[in-house]
Amino acid sequence: MYFLRFEVSPSMLGKFRIVGDWVVGTKISKAEILDWLRQEDDRYLQDLWQKADAIRRENVGDAVHLRGLIEISNHCVRQCQYCGLRVDHRGLARYRMTEAEIMECVRQAVDYGYGTVVLQSGEDYGIRTEWMASVVRRIKAETPLAVTLSLGERPDTDLIAWREAGADRYLLRFETSDLQLYEKIHPSLPGRWSDRIAILRRLAELGYEVGSGVMIGIPEQTYESLAHDIWLFEVLYLDMIGVGPYIPHPRTPLGQAAIKLGAPQDKQVPNSELMTYKVVALARLACPGANIPSTTALATLNREEGRELGLVRGANVVMPNLTPPQYRVSYEIYPAKACIFETAADCDACVKRRIISLGRTVGSGRGDSPNRSRRIKRAERKLEDLVEDTPCLPCQPQL
Ligand code: SAH
């Protein structure tokens, strides 16, 4: 059983206020998650990898779904202390793709047989609500593709307009559920509190498939808070979960250690490759039906086999990059990102070769998450129960 209704506000600092009728029964307890995160013995970890791989196979099968990533703009109004796109990174050449450029990439996605395009950007209000809606409408009218947006914390009116235009999914990582740490590394905009959990809840209400995730090994991130993050994946009943190691960017305050953050050494989560595999595997245990990518950040740490190891330890999605080469170098959220000197054709061939070498198949179709339809069915069942439980008019006490 999962949650039925919940409410979170920023002032609660990571604790949930429980409203109405909750039933929470997690698949894996926070204590178990914590034990795995601290586990260093390779013999035990083999068990975790095997369990995650088996649960992945049972729930989402052997197909690896490909999502073509188009990084449509690197403009950003935010001051995230970790990200190379932050507004104060003055040396970065900024770009915003035109509709024609985006459509060119979309056509490539169709030619390569992908089922989804992901349009990602910094939080860029130069991307106008109506313009984005018309691009989404055009993709939906001209192709069979699912459209995923990842455009930051946009106002409710934008999220509604884009959903009405046909957008299927939205990605917004909550980055860390430690709200004190979150506010230090991801300052709110003046007068607008950054409450990503509330936005994720809203996206689900609007009928999007909802994706979120965290960075692993942010300075001051403790094992306890990372265990809480993974537990939260299940509570939020996410459709998609993207996790990757934090990679310091030398042109950011966090990368330059200009802001001092840190937990005691025995509590600090390392931003290592091994820790990332553990989180991928635990995310699979917590959310068996979710779509989980083997991320570019993982491929950046281990170019030879990072993607493959992610795929055999719980992941079932890869996001080959379709961004035109002249823009890739400028979408520098962290340095030395994998694939920045490749073309879309290189990425396509490389990713498919890696999938086949594992004995897995390249997914066809949209690769929707089963979680969203289950979530809706559950809500409908709940509604029916409520209707059945409501006494009919004649039985109601007369006033
Ligand atoms: N503007 C969008 C997309 C941001 S980039 C948004 O805010 O959702 C996508 C993800 O890159 C971020 O959510 C963050 O988790 C990751 N990222 C940013 N800087 C990073 C860094 N230095 N190391 C690793 N991941 C980083």
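Guide: In this predicted model, the crossing of α8 and α9 is right-handed.

Visitor: Within what distance do the axes of α8 and α9 come, and at what angle do they cross?

Guide: The axis of helix α8, residues 223-235, and that of helix α9, residues 273-286, come within 9 Å and cross at roughly 35°.

Visitor: Which residues of α8 and α9 meet?

Guide: From α8 there are Ile230, Trp231, Phe233 and Glu234, and these meet Val279, Leu282, Ala283 and Ala286 in α9. By residue class, the contact of α8 with α9 divides into seven nonpolar residues, no polar ones and one charged.

Visitor: What about the largest nonpolar core, how many residues has it?

Guide: The largest nonpolar core has 97 residues, and those with the most contacts inside it are Leu200, Ile230, Phe233, Ile241, Leu282 and Ala283. The largest share of this core comes from α9, which contributes eight residues.

Visitor: And what does Leu282 touch?

Guide: Not counting residues up to four places away in sequence, Leu282 touches Ile28, Ile33, Trp36 and Ile230.

Visitor: Stepping back, how many helices and strands does the chain have?

Guide: Its secondary structure comes to 14 helices and 10 strands. Of the 399 residues in the chain, 42% are buried, and among the contacts with a separation of 6 or more, 80% are between residues 24 or more positions apart.

Visitor: Changing topic, which residues are closest to the ligand?

Guide: The ligand is surrounded by 18 residues, of which Cys83, Gly152, Arg173, Ile247 and Tyr334 are the closest. The shell around the ligand divides into nine nonpolar, six polar and three charged residues.

Visitor: One more spot: where is Pro320?

Guide: Pro320 has its place in the loop between β9, residues 317-318, and α12, residues 325-328.

Visitor: Does Pro320 count as buried or exposed, and why?

Guide: Pro320 counts as buried because it has 24 C-beta neighbours inside 10 Å, where the cut-off for a buried residue is 20 or more.

Visitor: Leaving aside neighbours within four places in sequence, what is Pro320 in contact with?

Guide: With those neighbours left aside, Pro320 is in contact with Leu66, Gly68 and Leu69, and also with Cys347, Asp348 and Val351. Asp348 is 28 residues apart from Pro320 along the chain, while the C-alpha atoms of the two are separated by 6.2 Å.

Notes: Residues numbered from 1 in each chain as written. Predicted model: local features only at pLDDT ≥ 70, side-chain atom pairs only at ≥ 80, totals over all residues. Axes fitted to C-alpha atoms, helices over the stretch in contact; angles between N-to-C directions. Helix = DSSP H or I, 4+ residues; strand = E, 2+ residues; numbered from the N terminus. Left-handed = near helix turned anticlockwise from the far one by under 90°. Contact = placed C-beta atoms within 7 Å. Nonpolar A, V, L, I, M, F, W, Y, C, P; charged D, E, K, R; others polar. Buried ≥ 20, exposed ≤ 12 C-beta atoms within 10 Å, placed from the backbone. Core = buried A, V, L, I, M, F, W, Y, C linked by C-beta atoms within 7 Å. Near = placed C-beta within 6 Å.
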